[in-house]
Amino acid sequence: MKIIEIEGQKELTGTIRVSGAKNATVALIPAAILTDETATICNVPEITDTDALCDILEELNVTTKRASESIIIDPTDMVNKEISEEHSRKLRASYYFMGALLGKYKRAEMHFPGGCSIGARPIDLHLKGFEALGAKVTNDKNKYIVEAEELKGANIYLDFASVGATINIMLAAVKATGTTIIDNAAKEPEIVNIATFLNNMGARITGAGTSTIKIKGVEELHSCFHEVIPDRIEAGSYIIMGALCGKKLKIDNIIPEHLDSLISKLEEMGVELNIGRDYMEVSKPEKYNATNIKTAVYPGFPTDLQQPFTVLLTQSEGKSKVLETIWENRFMHVPYLNNLGADITVKNQTATIIGPRQLKGRTVVATDLRAGAAMVAAGLAAKGKTTITNVEHILRGYEQIVEKLNNVGAKLTLKEI
Ligand code: EPZ
């Protein structure tokens, strides 16, 4: 197991460069197999989720070449076969191979995906979408076979604006005959990035970034070059750390518009921000005002920043509330924050935080990816030494987190025990 030790209360100053977005990359890599030619994707983060997807490509006999921050994917000799349970379960995003293989071969065989245990995480909306396009889904325990004689464009209404279902249906529909319309589609910036990639390959998708996406099926897709957008959640995590311990900490290579809801909340709390075209400077204020947040689909407050943001609320004066509306099990960080000295109670998907409370270093667990980022934020703010266990969760989504933070004055040590 890997652990991170943090000596807290160091001032963070200097520049952190944000990497390519994990949640775009993990869909772009499976999407690349839709062409028979090579696709080059740059600004790819070096995280273990990227490695896990490359293992699946290898299983399908797809060649990958990785150079600094880019990946060339060559599916010339690809074979369509079952994706093993081991590989399917390594991460959530393995499920994008369902849409991509179905779109390309009209058949996908894989197992229920893995990922953070932040809720039941059903895939019914993905499967309903595939069925609407004409596919038949066979499910035996954890194994799924999705196949179609022909994929035909359809009108699909999503009961919930699911990120995964929107992307998976786009992947399955790009080569279908006729036109597919996804209504109540998710609007996250990652969806726009994936639609742009597919359009660069010759797809005909319009409306990505709005709640109605239209996909006119095409026969062939061709090679292309594409850049992953900056990771708004990684950026937001470091901005929150800067609000806790920063002195003019610069978070560089960001798209500030993707962070509007976080910016509003930070300003409400009295955090000083200097926002540039593609960067933000953040400093710790004298005191923080209490506030309330409610997680929501984009452009609402992102659930993926809820856990690190809760750490900031432990430092604000008075009572703050956090309502989690997306995932039913995303408060696993709370007992560990309380261990460090926070005063948080959770009832009915709402955390009530009384602050300010001085956090004191102890041993805590990264129960999932963003809970792990919350533990790092807490460790940076806490007095003394914090030890975080199970940091494999953090390394799935934060490229070089230890190096990036140490470069701006933090004191983190990554150890294998
Ligand atoms: C994506 O997960 C992200 N993961 C998550 O990021 C993020 O928390 C989430 O979107 C919401 O923004 C990736 O992009 C790989 P959803 P996804 O489908 O696609 C329900 C992180 O920390 N739902 O939008 O799985 C579901 O249970 C991660 O980086 C169904 O009921 O999320 C949830 O309540 C974790 N049936 C809600 O919709 C379905 O078929 C949102 O899920 C699909 C989803």
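Me: What should I know about the numbering and the model?
Reply: Residues count from 1 along each chain as its sequence is written. The model is predicted, local features need pLDDT of at least 70, side-chain atom pairs count only at pLDDT 80 or more, totals for chains, interfaces and linings use all residues, and side-chain values use heavy atoms, with hydrogens and water left out.

Me: How is the chain divided into domains?
Reply: Domain 1 is 2-19 + 230-416, and domain 2 is 22-227. These bounds come from an automatic or database domain assignment. The C-alpha centres of the two domains lie 30 Å apart. Contact means heavy atoms within 4.5 Å. Domain 1 gives 23 residues to the contact, and domain 2 gives 23 residues.

Me: What area is buried between domain 1 and domain 2?
Reply: About 2,000 Å², with 54% from carbon and sulfur atoms. Buried area is the accessible area (1.4 Å probe) that two parts lose on being put together, summed over both.

Me: Why is the pair R396 and D49 called a salt bridge?
Reply: The term needs a side-chain nitrogen of Lys or Arg within 4 Å of a carboxyl oxygen of Asp or Glu. The side chains of R396 and D49 meet at 3.0 Å, N to O, so the pair qualifies. The count between the domains is two salt bridges.
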